[in-house]
Amino acid sequence: MSVFTLFACSQHESSGEITVLRLGHTLDTQHSVHKAMEFLGERLEYYSDGKMTVIIYPGSQLGTEREMIELLQIGSLAMTKVSASPLEGFSPDMKIFSIPYIFKNNDHFWRVLNSELGSELLSGVEDFRLKGLGYYDAGSRSFYSNDRPIQTPSDLKGMKIRVLNSPTAVATVRALGGAATPVSWGELYTALQQGVVDGAENNPPSYHLSRHYEIARYYSLDEHTSVPDVMLCSLPVWEALNSQQQEWLTKAMQDSVQFQRQLWTTSTAESLAQVEAEGVTVIRPDKQPFVDAVKPFHDSFTGTHIGELITQIKAM
């Protein structure tokens with residue numbers, strides 16, 4: 001029996017063979033990305049006329065992002081959603097998304113993702129038995145903190161800030177004066193509560209839905225990085241699909257991306273309104289001091305491949 005039959009779970013019904021793809025992720029079911037995954041399943045059933053379907057396991061039921069990536073690599077899970085930052089451990093060019101202030105705005109960000117460069121970045125994971133299906137909008141990441149507001153980079157000095165498990169994310173916080181501390185998403189609420197970290201950084205919906213605002217009462221919209229979420233498929237599972245099935249899944253993913261982008265705009269505004277209603281102090285700092293603070297970090301890439309990518313992106 002093939003890896004695909006065992007783990008991506010092919011099953012038979014009277015109407016013929018039904019291919020069931022299992023998809024795990026770490027997010028809350030109210031998150032726009034989870035809703036987009038449900039839409040992906042609906043569109044896949046539509047395109048395949050019921051011959052393909054998706055079963056979703058949210059909320060870290062199947063493990064951490066890293067653990068689910070490993071399940072994909074051996075074909076034990078069909079799909080997962082991860083942040084682009086940890087993927088730099090598999091495809092070094094993915095670190096580009098963790099470098100602060102390289103995108104001018106959201107339009108510029110999507111212009112890059114939808115370009116040939118965006119496609120090349122996505123295909124860079126294939127050497128690691130992964131197939132990049134597409135990008136979801138994860139907005140911009142901003143700092144939130146327990147005990148004091150972050151108005152300028154100097155406010156980060158001496159603060160332990162939780163970051164994604166990415167060397168570039170660590171370097172970004174250090175460039176801004178903070179002490180970067182990688183902590184898994186599932187353990188972050190407790191880490192904030194116990195003072196293991198003084199703050200963290202993420203987009204408004206994640207800050208809200210994780211209920212981190214219950215402890216970290218200051219949210220500073222410095223918007224230092226725009227790190228997309230990436231939908232991955234197991235390469236062994238992908239290669240076990242026939243060309244028609246691959247086409248159906250690709251089209252369903254494209255529909256899901258457009259659906260999620262619309263949801264994201266609404267959920268970001270709603271999340272900010274709701275945390276403010278809960279008494280969170282939302283700060284909209286002058287971004288220029290933050291931009292100036294990371295210039296030496298940008299300059300450190302001069303003459304490297306990543307430096308060339310930064311130049312390419314800024315020129316788009």
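**View 1. Val 82 meets its partner on strand S11.** In this predicted model, with residues numbered from 1 along each chain as its sequence is written, the bridge partner of Val 82 in S11 is Val 230. Local features need pLDDT of at least 70, side-chain atom pairs count only at pLDDT 80 or more, and totals for chains, interfaces and linings use all residues, while side-chain values use heavy atoms, with hydrogens and water left out. Strand S4 (residues 79–83) pairs with S11 in the antiparallel sense over five bridges; strands pair if DSSP finds at least two bridges between them. Strands are DSSP runs of E with at least two residues, helices are runs of H or I with at least four, and both are numbered from the N terminus.

**View 2. S11 and its partner S5.** Strand S5 (residues 130–136) runs antiparallel to S11, joined by six bridges. Here Tyr 136 stands opposite Asp 229. S11 covers residues 229–234, and six of its six residues are buried (buried: under 20% relative accessible area; exposed: over 50%; partly exposed: in between; 1.4 Å probe, protein chains only). Asp 229, Met 231 and Cys 233 point one way, while Val 230, Leu 232 and Ser 234 point the other.

**View 3. Inside the largest nonpolar core.** This core has 73 residues, and Met 79, Ile 96 and Phe 97 have the most contacts inside it. A nonpolar core is a set of buried Ala, Val, Leu, Ile, Met, Phe, Trp, Tyr and Cys residues joined through side-chain atoms within 4.5 Å. Helix H2 (residues 32–48) supplies its largest share, six residues. A second, separate core of 17 residues includes Val 183, Ala 191, Tyr 207 and Val 280.

**View 4. Helices H2 and H10 crossing.** The axes of H2 and H10 (residues 243–277) come within 8 Å and cross at roughly 150°. Axes are lines fitted to C-alpha atoms, for helices over the stretch in contact, with angles from 0 to 180 degrees between N-to-C directions. The two helices are therefore roughly antiparallel to each other (over 145 degrees; under 35 is roughly parallel, 65 to 115 roughly perpendicular, the rest oblique). Residues making the contact include Phe 39 and Leu 40 of H2, plus Phe 259 and Trp 264 of H10 (contact: heavy atoms within 4.5 Å).

**View 5. Gly 303 in its loop.** Gly 303 lies in the loop between helix H12 (295–299) and helix H13 (305–315). Gly 303 counts as exposed because its relative accessible area is 79%. Its C-alpha atom is separated by 22 Å from that of Arg 174, 129 residues apart along the chain.
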